[in-house]
Amino acid sequence: LALPDAEELYKVVPYGDGVLEHYRVGLSLDSERFRDVVRSSDLIGVTVNFTQEADVAGEIGRRARALNSAVKLVYAGADARARPDHYLGRFGADAVVLGDGERCGPDLVSRLVNGRSLEGLPSVAYRDGPSITRSVAAPPVPIEEVPLPAFDLVASDIPLWVESHEGDLPTGVEPPLAYVETSRGCHETCAFCYSAGIKYRPMLDAQIVAYADHLRLSGFRTLLLIADNELTPLLMPRVHGTNDSGRE
């Protein structure tokens, strides 16, 4: 989110004849900015898509709770979805989102902030006394229902979006940069992937144009494509909303 060149050593573990050093990159959890954000927040959401990120994500929650005992913690993403018990137990999460968040998210936030029960809310896991409850999963959200991001709420932070997880930006490629999700789901059934077998849902042309215009007008210079599997249409005889084959 900020200070992409800053590195903070947080753990050293033995590895054969040597050691492995673990670093957090970006805003320090000891910074005044982190403390200010946590103390003024009712709820913090953390996305964890890869297991290698889990301990850092858990430390964010632990530090936040130490600074603000009343703050609510919500985790989402592929790793949290695959093992919600880990996040609800070891990391002290109040809830884990088990699927798309567009429908359950607003109600989840409202209930947590206002101290209401999560019973009956679909696609979430939460602790109910000593046990963990996983609610019934809601159907995947059609991607045409996914709203445009509310970049106006974070306009002052957009200039800080300069880091690509693929490494340094090539010459001529300029920030700010945004990750663009134009489809969800994958028809493949790979055992290692949590997106496997989830219905493929692509944006239609007009939605992609509106999304791109929205990003451009919000100040972004570079778009990075991200999806569960960009090649899924190659497996499909027809794509939803078009008369073309997936390959076309």
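Is Phe91 buried or exposed at 10% relative accessibility? Phe91 counts as buried, because 10% is under the 20% cut-off. The legends below describe close-up views of a predicted model.

**View 1. Tyr87 and Phe91 form an edge-to-face ring pair.** The structure holds six aromatic pairs. In the pair shown here, the ring centres of Tyr87 and Phe91 are 5.1 Å apart and the planes stand at 80°, so the pair is edge-to-face. An angle over 60 degrees is what places a pair in this class. Both partners are buried: Tyr87 has a relative accessibility of 0%, and Phe91 has one of 10%.

**View 2. Tyr75, Tyr87 and Phe91 belong to one aromatic cluster.** The three residues are linked into this cluster by ring pairs.

**View 3. Asn229 lies in the segment after β11.** With a relative accessible area of 22%, Asn229 is partly exposed. A polar atom of the Asn229 side chain lies 2.9 Å from the backbone nitrogen of Leu231. When residues up to four places away in sequence are not counted, Asn229 touches Gly185, Cys186, Glu188 and Tyr200. Gly26 is 203 residues from Asn229 along the chain, and the C-alpha atoms of the two are separated by 28 Å.

**View 4. Thr232 is a buried residue in the segment after β11.** The strand β11 itself covers 222-225. Thr232 counts as buried because its relative accessibility is 0%. With neighbours within four places in sequence left aside, Thr232 is in contact with Gly185, Cys186, His187 and Tyr200. Gly185, Cys186 and Tyr200 are also among the residues that Asn229 touches.

**View 5. The second largest pocket holds about 330 Å³ of space.** Among the 16 residues that line this pocket, Tyr200, Pro202, Met203, Pro233 and Val239 are the closest to its centre. By class, the lining is made up of seven nonpolar, five polar and four charged residues. Tyr200, which lines the pocket, is in contact with Thr232 and is touched by Asn229.

Notes
Residues are numbered from 1 along each chain as its sequence is written. This is a predicted model: local features need pLDDT of at least 70, side-chain atom pairs count only at pLDDT 80 or more; totals for chains, interfaces and linings use all residues. Side-chain values use heavy atoms; hydrogens and water are left out. On a 1 Å grid over the protein atoms alone, a cavity is a set of points where a 1.4 Å probe fits but cannot get out, and a pocket is an open set with protein on both sides within 12 Å along at least five of seven lines; lining residues have an atom within 4 Å of a point. Grid points are joined across faces, edges and corners, and a volume is the space filled by probe spheres set on the points. Ala, Val, Leu, Ile, Met, Phe, Trp, Tyr, Cys and Pro count as nonpolar, Asp, Glu, Lys and Arg as charged, and the others, Gly among them, as polar. Helices (H or I, at least four residues) and strands (E, at least two) are DSSP runs, numbered from the N terminus. Buried means under 20% relative accessible area, exposed over 50%, partly exposed in between (1.4 Å probe, protein chains only). Contact means heavy atoms within 4.5 Å. A polar contact is a pair of N or O atoms within 3.5 Å; within protein, one must be able to donate a hydrogen and the other to accept it, and residues adjacent in sequence count only if both atoms are side-chain atoms. Rings of Phe, Tyr and Trp (its six-membered ring) pair if their centres lie within 6.5 Å; planes under 30 degrees apart count as stacked, over 60 as edge-to-face and the rest as tilted.
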